[in-house]
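Please look through the structure shown below before reading on, and keep it at hand while you follow the report. The text moves from single places in the chain to the protein as a whole.

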Amino acid sequence: MESFNQKVLFFTLAVIFPVHFSEHYHAEAKIDDFTTHLISRDSPLCPFYNPSETKYQRLQKAFRRSILRSNNFRAMRISPNDILSDVISGGGEYLMNVSIGTPPVPMLGIADTGSDLIWRQCLPCDDCYQQDEPIFDPQKSKTFKTLACDDEFCPDLGQLSSCSTDGNVCTYIYLYGDLSYTSGNLSSDTLTIGSNEGQAASFPGLAFGCGHSNGGNFHKKHGGIIGLGGGPLSLVKQLSSKIGGRFSYCLLPLSSASTASSKIIFGRSGAVSGSGTVSTPLIKGSLATLYHLTMEGMSVGSKRVEFKGFSKNKYSPAAAEGNIIIDSGTTLTFLPQDFYNDVESALKSAIGGETTTDPRRIFGLCYSSLSNLQIPTVTAHFTGADVKLQPLNIFIQVQEDLVCFSMLPTQDLGIFGNLAQMNFLVGYDLKNNKVSFKLTDCSKH
């Protein structure tokens, strides 16, 4: 590629959705309402699952991925002009399966609310990482098209795009923060998404990256990324006219049966409403990909703690709109240091009892057991929405004799992670710019 100003990206791997697609059930772009599974990477249903690891070993890895992801989001905030497709390396917590092409070729990919571009490995592979699934051959798809530089989708790549030396082809290259990379041609093809009800929906002409050179820390069990962020190339944005800009998910608690899976819903059934539903505005941030909310404070029992921002960080002024992002791909919740200190202090005072130390020094507030302690209700106050968190949202058992507060301090960017969202139906309405929460038993949803 010529005259290309290569940018460093940070790769956010978040959610994998596995579904089975049958050509017999294709309903070309007419289905505007569908549901599919979200499989945790630590579930036995996930191909990443390592049965030799204990549940506590898997949790420690998830914590490390959360910290890495938080650090990489920080780099995105500091240099927003250099990061135009917001993908962050750091593992990822759920997986998704879609199909691309005619006939459809399945792809097990990481579904990521922290990135936009959909991409998969493609033949010919100049330099590809090992992949268990057959690599996609564009020449075998009747509906595949390579996009030109003047195509409407090419400008959405921003400075990550270039024109090929051998013709008017829109090309891209991503260099991720962990030195993983993908490069290839921006293309379009029919994308198929399955449904739990047995019907699949096909959407022609969706833009995706056809990667001919890909490598680094990618797992052989998955073939690419499925961006669910707020930018123009994401799956939800490209399908916006079909699904009304709506999707929702219900994440199962970690204690759920190993054969159960979370779900994601696109379209009219993705709207969250009814008794107990609270909604807060989505705030437009400097990075369109990320979903920003405004947190006003937290209450521990009847004691309210007002939000405190990053007083020494010009990128995150205190009390500013959009001071926290909601992210399904980060396990833990991260709060500004001073605000975290006040919340932890209030929680420690309300619980009483003897605390203990986390030997790995990840968590600040821990107990040997919560069985004889009274856990107060903790409420996250977003603008217009008071989200009452349950004990499973704020404490996690990290080993047999250690239970810790599952929020951490940060110096840069607040993140409302997936532990805090478990057993809530969380709905995104990109048309009306709001996120809704409804306390739900996700095992029955």
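Pro 103 has its place in the loop between β5 (94–100) and β6 (105–112). The model is a predicted one, and in it the peptide bond that leads from Thr 102 to Pro 103 is cis, with omega near 0°.

Arg 361, which is not a glycine, has a phi near 60°, and its place is in the loop between α4 (337–351) and β22 (366–367). Asn 423 is likewise not a glycine, and its phi is positive at about 65°; this residue is found in the loop between β28 and β29 (424–429). Are these residues buried or exposed? Arg 361 has a relative accessibility of 77%, and because this is over 50%, Arg 361 counts as exposed. Asn 423 has a relative accessible area of 15%, which is under 20%, so Asn 423 counts as buried.

## Aromatic rings

A pair of aromatic rings is described by the distance of the centres and the angle of the planes. The structure holds 15 aromatic pairs, and the table sets out two of them, both of which include Phe 437.

| Pair | Centre to centre | Angle between planes | Arrangement |
|---|---|---|---|
| Phe 382 and Phe 437 | 5.8 Å | 5° | stacked |
| Phe 416 and Phe 437 | 6.2 Å | 85° | edge-to-face |

Why is the pair of Phe 382 and Phe 437 called stacked? The planes of the two rings stand at 5°, and planes under 30 degrees apart count as stacked, so the pair receives that name.

Elsewhere, one aromatic cluster is formed by Phe 247, Tyr 249, Phe 266, Tyr 291 and Tyr 428.

## An enclosed space

Rolling a probe the size of a water molecule over the atoms shows where empty space is left. In this structure there is one cavity of 30 Å³ or more, and the largest cavity contains about 40 Å³ of space. Which residues line the largest cavity? They are Ile 100, Ile 118, Asp 189, Thr 190, Leu 191, Leu 206, Ala 207 and Phe 208. By class, this lining has six nonpolar, one polar and one charged residues. Strands β11 (181–193) and β12 (200–215) each supply at least two residues of the lining.

## The protein as a whole

The secondary structure comes to five helices and 30 strands. Of the 445 residues in the protein, 57% are buried. Among the contacts with a separation of 6 or more, 72% are made by residues 24 or more positions apart.

The protein averages a pLDDT of 80, and 74% of the residues score at least 70. Over residues 1–30, however, pLDDT stays under 50, although the model has 148 contacts beyond four places in sequence for this stretch. Residues 77–92 also stay under 50, and for them the model has 68 contacts beyond four places in sequence.

Terms used: Residues numbered from 1 in each chain as written. Predicted model: local features only at pLDDT ≥ 70, side-chain atom pairs only at ≥ 80, totals over all residues. Heavy atoms only, no water. Phe/Tyr/Trp six-rings, centres within 6.5 Å; stacked < 30°, edge-to-face > 60°. 1 Å grid on protein atoms, 1.4 Å probe; cavity = no way out; pocket = protein on both sides within 12 Å on 5 of 7 lines; lining within 4 Å. Points joined across faces, edges and corners; volume = space filled by probe spheres on them. Helix = DSSP H or I, 4+ residues; strand = E, 2+ residues; numbered from the N terminus. Nonpolar A, V, L, I, M, F, W, Y, C, P; charged D, E, K, R; others polar. pLDDT = per-residue confidence, 0-100. Contact = heavy atoms within 4.5 Å. Buried < 20%, exposed > 50% of the residue type's maximum accessible area, 1.4 Å probe, protein only.
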